[in-house]
Amino acid sequence: MNSETKARLLLINSISPGSEFWCEQVAKNGAETVVQGILGNFYYKCNQSIEKLKFKIRQTDTEAIITKLKSKKTFFIDPQHELWPITLNRLPNPPIGLLLKGDIELIGNIKKSISIVGTRKPSSYGLNIATTFAHELSNFGFTIVSGGAIGIDSAAHNGALGAGGKTISILGSGFEKKYPKSNTSLFKRIEDSGLLISEVMPEVDPKPSHFLIRNRLIAALSNGTIVIEAAFKSGSIRTARDAAELYKPVMAIPGPINVPTSEGCHRLITERCAELVTSVSEVLELVNPLTRMMG
């Protein structure tokens with residue numbers, strides 16, 4: 001592990017994930033320069049918590065972190081790594097680095113992947129659509145990306161696994177604090193045959209802000225996003241907008257007009273942020289040209 005990668009690991013251990021200020025500084029100047037700037041008071045007037053951050057960095061034993069990650073079979077990659085997806089660099093706040101558990105080769109082969117997101121309180125209709133679409137798309141060789149939450153996320157992961165396909169779950173917590181706990185067995189299955197990704201250290205607890213931040217990664221690590229049942233204001237809508245800002249296809253499944261979890265999908269369609277899709281064949285028509293272009 002070179003000095004730049006170690007500096008990125010040090011920063012991930014010290015700052016909140018997805019910070020626009022620090023992610024931008026690292027992307028622009030490099031992690032080593034940023035760490036030196038923090039310790040040298042360069043950022044003193046830019047960030048009110050700089051003293052706390054400086055203390056954290058000085059107290060951190062990077063070699064001990066590396067040893068712990070290796071013992072837990074956790075991999076750390078940054079933009080210098082050959083598997084790093086370049087689409088992440090197009091985000092306004094690109095991750096400083098990512099922690100991985102499972103089949104790490106999956107992250108280097110996302111040219112044929114689709115994210116499926118939606119409400120944590122789905123109807124039987126929504127669950128059926130998520131499971132069926134994930135299963136059929138897996139049969140076409142697509143990796144299914146989602147967030148590991150209960151509801152639509154879980155149905156998507158299970159649909160992919162049920163087809164013997166690959167799936168990626170992007171967590172809003174560390175690997176030792178996976179959330180929700182009710183999905184412990186699902187996370188184990190994903191780790192065994194797919195991939196878990198986190199932007200925080202293994203011991204970090206889940207926080208609402210972490211889940212909102214990780215949504216941009218779900219959008220960036222797939223060639224298109226399908227929204228299945230989502231409230232008017234929700235994390236799923238944020239994921240869809242993140243995907244649209246990256247010029248990736250956004251698709252939404254229509255639902256009953258009198259159901260709150262249909263409002264988000266209908267909003268995306270009405271605002272022309274998403275294409276209305278009702279079948280896997282329609283999804284393939286939208287994402288296959290992009291898949292061929294990236295391949």
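**View 1. Ser 198 and the backbone of Val 200.** In this predicted model, a polar atom of the Ser 198 side chain lies 3.2 Å from the backbone nitrogen of Val 200. Ser 198 belongs to strand E6, residues 195–198; strands are DSSP runs of at least two residues, helices (H or I) of at least four, both numbered from the N terminus. Is Ser 198 buried or exposed? Ser 198 counts as buried because its relative accessibility is 1% (buried means under 20% relative accessible area, with a 1.4 Å probe and protein chains only). Leaving aside residues up to four places away in sequence, Ser 198 touches Leu 98, Leu 99, Ser 173, Gly 174 and Phe 175 (contact means heavy atoms within 4.5 Å).

**View 2. Helices H10 and H11.** Here the axes of H10 (residues 235–245) and H11 (residues 260–270) come within 10 Å and cross at roughly 25 degrees; axes are lines fitted to C-alpha atoms over the stretch in contact, with angles from 0 to 180 degrees between N-to-C directions. The two helices, H10 and H11, are therefore roughly parallel (angles under 35 degrees). Ile 237, Ala 240 and Arg 241 of H10 make the contact with Gly 264, Arg 267 and Leu 268 of H11.

**View 3. Helices H2 and H3.** Now look at H2 (residues 20–29) and H3 (residues 31–39), whose axes come within 7 Å and cross at roughly 120 degrees. On the H2 side, Trp 22, Gln 25, Val 26 and Asn 29 meet Ala 31, Thr 33, Val 34 and Ile 38 in H3.

**Notes.** Residues are numbered from 1 along each chain as its sequence is written. Local features need pLDDT of at least 70, side-chain atom pairs count only at pLDDT 80 or more, totals for chains, interfaces and linings use all residues, and side-chain values use heavy atoms, without hydrogens and water.

Conventions:
Buried < 20%, exposed > 50% of the residue type's maximum accessible area, 1.4 Å probe, protein only. Polar contact = N/O pair within 3.5 Å; in protein donor to acceptor, adjacent residues only side chain to side chain. Parallel < 35°, antiparallel > 145°, perpendicular 65-115°, else oblique.
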